[in-house]
Amino acid sequence: MVTLKDVTLDYGPEKQIFNSFDYTFDKGKIHGIIGKSGCGKTSLLYLTAGLIAPQRGNILIGGTEASPGRRDISMILQDFGLFPWKSCRENLALGLKLRKTDRHEIRVKIDKILTELDLKDRGDSYPANLSGGERQRLAIGRALILEPDLLLLDEPFSSLDAMTRELLQERLLTLKEKSGRSMTVIHVTHSIEEAVFLSDTIHILNSKGEMHRVENNPSGNRYRTSPDFFEHCVTVRRELERRS
Ligand SMILES: Nc1ncnc2c1ncn2[C@@H]1O[C@H](COP(=O)(O)OP(=O)(O)OP(=O)(O)O)[C@@H](O)[C@H]1O
């Protein structure tokens, strides 16, 4: 569970993002955050990752304070944060090496995640030689290989074409299911369809730092073409217009 308690964040007197903000993200669920550009979605992710500190208040993850080097959190930034001078395998190994994981175990985990992400024959390639979709999959792999309790994604698929985007959304759902663990995912997106397809709960943030929750009922890969899906998209669009 991620809990924000009495959080105040501003970037100077003219730019208040949150004022005594209280909020909870339930454990084990996929949460989608949407809202107008500049309302503070990325700031909320950064607060949760401990990358920025609020002027007041606390952010608790599983009961303990958010801080930058936490092992139970992985975050994928908008630019993916891959190391261009390292191969796919080396990019995947990095976090595990820092955790002093046994070499054999590292190899096994890398082989598994490369297979799961359809990157089996790209292990020795460098990020510059990958397509946008492959790079994004590698970034997801690098985050998931660490088996985080909390995965934070900032517009993970925004730069991809529609089909690749949909494939990766489906892949993310499959990996979340396969992980068999109660991983919590919080993702920021500008796409209502993406939020509805992926999220158990959609959170609409407005420019006054208020959040409104819309419960959703995603039902896997077939959901996208069901009447329910379109209905939910319309509901969320209306709420977004009303709440922004
Ligand atoms: N370090 C900073 N210093 C000053 N202002 C900042 C800083 N970081 C963000 N802001 C401002 O705070 C507001 C919220 O930024 P944030 O990136 O959290 O919004 P967002 O909802 O993620 O936007 P977008 O949807 O466009 O990515 C914006 O107006 C932004 O310009």
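A: Six strands make up an open sheet of mixed pairing, in the order β6-β7-β8-β3-β9-β10. This is a predicted model, in which local features need pLDDT of at least 70 and side-chain atom pairs count only at pLDDT 80 or more, whereas totals for chains, interfaces and linings use all residues. Residues are numbered from 1 along each chain as its sequence is written, and side-chain values use heavy atoms, with hydrogens and water left out. Helices (H or I, at least four residues) and strands (E, at least two) are DSSP runs numbered from the N terminus; two strands pair if DSSP finds at least two bridges between them.

The edge positions belong to β6 (73-76) and β10 (211-215); each has a single partner strand, so one side of each is left without a neighbour in the sheet. From one strand to the next, the twist averages 20°, where axes are lines fitted to C-alpha atoms, for helices over the stretch in contact, and angles run from 0 to 180 degrees between N-to-C directions.

Within this sheet, β3 (residues 30-34) and β9 (residues 201-205) are parallel and share four bridges. I33 has H203 of β9 as its bridge partner. β9 also pairs with β10, here in the antiparallel sense over five bridges, and H203 has R213 as its bridge partner in β10. The hairpin of β9 and β10 has five residues between the strands, and G209 takes a positive phi near 75° there.

Two helices accompany the sheet. Helix α1 (residues 41-49) packs on it, touching β3, β6, β7 (150-154), β8 (184-188), β9 and β10, and its direction makes about 150° with that of β7; contact here means heavy atoms within 4.5 Å. Helix α4 (residues 132-144) lies across β6 and β7 and runs at about 170° to β6.

In total 13 residues surround the ligand, the closest being S37, K41, T42, S43 and H190; a residue is near a molecule if one of its heavy atoms lies within 4 Å of it. The shell divides into three nonpolar, six polar and four charged residues, with Ala, Val, Leu, Ile, Met, Phe, Trp, Tyr, Cys and Pro counted as nonpolar, Asp, Glu, Lys and Arg as charged, and the others, Gly among them, as polar.

A polar side-chain atom of H190 lies 2.9 Å from a ligand oxygen atom, and one of K15 lies 3.0 Å from an oxygen atom of the ligand. For C39, a polar backbone atom is 3.2 Å from a ligand oxygen atom. Taken alone, the ligand exposes 640 Å², of which the protein buries 60%; accessible areas come from the Shrake-Rupley method with a 1.4 Å probe.

Technical notes:
Polar contact = N/O pair within 3.5 Å; in protein donor to acceptor, adjacent residues only side chain to side chain.
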